[in-house]
Amino acid sequence: MTALDAPRVRGTGPLRSGTVLIGRSLRHSLRDGEGLVMAVALPVMMLLLFTYVFGGAILDDGYIDFVVPGVILTCAGFGASSVAVAVNRDLHLGAMRRFRTLPIRSWTVLVGHVAASVLRNLLATAIVIAVALALGFRPTAGPGRWALVVILVALWILAITALFAGIGMIAGSPEAASGYGFVLLFLPYLSSAFVPTETMPSWLRPVAEHQPMGPLVDALRALLIGGADVQLLPPILWSLGITAAAGVLVTQVLRRSQDR
Amino acid sequence: MDAAIEIDDISKSYAHPVLRGVDLTHEAGVLALLGANGAGKTTLVSILTTLVRPDGGRARIGGVDVLRDPAGARRLFAVTGQETTLDELLTGRENLVMIGRLLGLGRDAGRRADALLEQMDLASAGRRRVATYSGGMRRRLDLAASLLSRPAVLFLDEPTTGLDPVSRRRVWDDVRALAAAGTTVLLTTQTLDEAEALADRIAILRDGRIVADGTAAELTAAVGGQRLVLQDATGAEVRSADTDGTAASLTRALAQLGPADQDLTVALRSPTLDDAFLALAHGTPEVAA
């Protein structure tokens, strides 16, 4: 009987189980063809739309230089929202039940989803930037500034992915999870991502300038196309703060779901 | 050596009390936990497998406290529940290899996955995504996932519910083979034939308590003596009277049955496990075997 020659359970540390679970989530990304196409095609279409359709009406010249940071961040939102569905599916379709009876830490399952999403979205971001360059985007940033851009974008992707993971945990079903995520996707429009805030009504302007995406878009724009004053701290604090808050939410929900 | 399963005064309430102080110790072999729908079987298994925390009481698997050291307990047991716990987007083999690696089997994970796919007759299906599997195939893959390591205790929560008769037999054969190889099994079931076919010992859970515990023969004996039955040509019962089988009692029982038509016959019936189950799991007073 095979039970007799089966190897003994040796257990794994969080690092190794995390690696296995990141591999699992990356495999999901590759399998989910539609999701992959959406993650890349949507931002590219948006870039085309804003550059060629709306751009002329918003700014006379150089709108593509203005809009690329906003498109990158909207792209991250689209890409990250799929994590809510993936996490919810694990919880409601049984996979989490298996993971919780294995000698691993439950949160490593979420780490797998989040890390895979960050990698996937960084790739999508690179594609968007490549398309933008082909369309005439001419950033002035040197290598150091590009490195800062990558760090800011990666931190933002991490924050929004962690938030979506939390949404996935509290949503009642995978459909609901994808619905909640939609709200977050509108955030870029209410900022300086697509239009200068000076064109907004005076009561709306403070909201647009101080919501998390406002400082982030401004910092990215300043780094990419030049600007005297680059404010790095506010966007970094926003990203880390959102990540921490989402982490607390996820931990709480995980713990409570075991006390059922 | 520590008993495989020790349950000490476990209680759990949701909106209503589900478990009201369950005590049960099982050393080895196959234990069937029998109970009607809603008796608390799944809740008890969920507590033993660290998925749910009880309100009170203690439980140990192979001597390891599931509440104080859930991670330690998870190294000793595996569980296959009513719902499958597989990753639909991965293939059958990828599922097994992933779980094997999470168990820490390292390089053995792939070899072990292949052996189990072969054993469960899923060798060719192993390359397909689980989303394409039938219910029976999922259940077998889920069982394979529980056998990747060598669990000291295997929990099977209604392992054959919803399976066709052929798949059901296959699962039974697997359970028997595991038990023969020394794995302690706790299985929950709603059906008597399953308990009778697989278990060395049957415990009946009703209203959150163990109301009877013993071998099939002991449980049957516990629900009382024989009955003298007046039956028609088809064997259907017309009237019956209790008896303890002595001559005096039989004479008395025959008199109780009263006058009968020509075509009726008399038979002496012993209680079946069905009778025991109906009496113990669904009603009538508690019986300790």
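Author: A word on terms first: a helix here is a DSSP run of H or I with at least four residues, and a strand is a run of E with at least two. Please also keep in mind that this is a predicted model.

Reader: How far apart are the end C-alpha atoms of residues 146–170 of chain A?
Author: UniProt, in an unreviewed entry, lists residues 146–170 of chain A among its "transmembrane region" features. In the model this span is 100% helix and 0% strand. From one end C-alpha atom to the other, the separation is 36 Å.

Reader: Thanks! What is the handedness of the crossing where α4(A) passes α7(A)?
Author: Helix α4 covers residues 63–92 of chain A, and helix α7 covers residues 143–170. They pack at an angle of about 30 degrees, and their axes lie 7 Å apart. The crossing of α4(A) past α7(A) is right-handed.

Reader: And how many charged residues are in the contact of α4(A) with α7(A)?
Author: Sorting that contact by class gives 18 nonpolar residues and five polar ones. The number of charged residues between α4(A) and α7(A) is none.

Reader: Which element gives the most to the side of chain A that touches chain B?
Author: In all, 30 residues of chain A are in contact with 40 residues of chain B. On the chain A side, the elements giving two or more residues are α1 (2–5), α2 (14–31) and α5 (95–100). With six residues, the one that gives the most is α2(A).

Terms used: Residues are numbered from 1 along each chain as its sequence is written. Chains are lettered from A and ligands numbered from 1 in the order in which they are written. This is a predicted model: local features need pLDDT of at least 70, side-chain atom pairs count only at pLDDT 80 or more; totals for chains, interfaces and linings use all residues. UniProt positions are given in the numbering used here, feature names are shortened, and annotations may be inferred rather than shown by experiment. Two residues are in contact if their C-beta atoms, placed from the backbone, lie within 7 Å. Axes are lines fitted to C-alpha atoms, for helices over the stretch in contact, and angles run from 0 to 180 degrees between N-to-C directions. A crossing is left-handed if the near helix is turned anticlockwise from the far one by less than a right angle, and right-handed if clockwise. Ala, Val, Leu, Ile, Met, Phe, Trp, Tyr, Cys and Pro count as nonpolar, Asp, Glu, Lys and Arg as charged, and the others, Gly among them, as polar.
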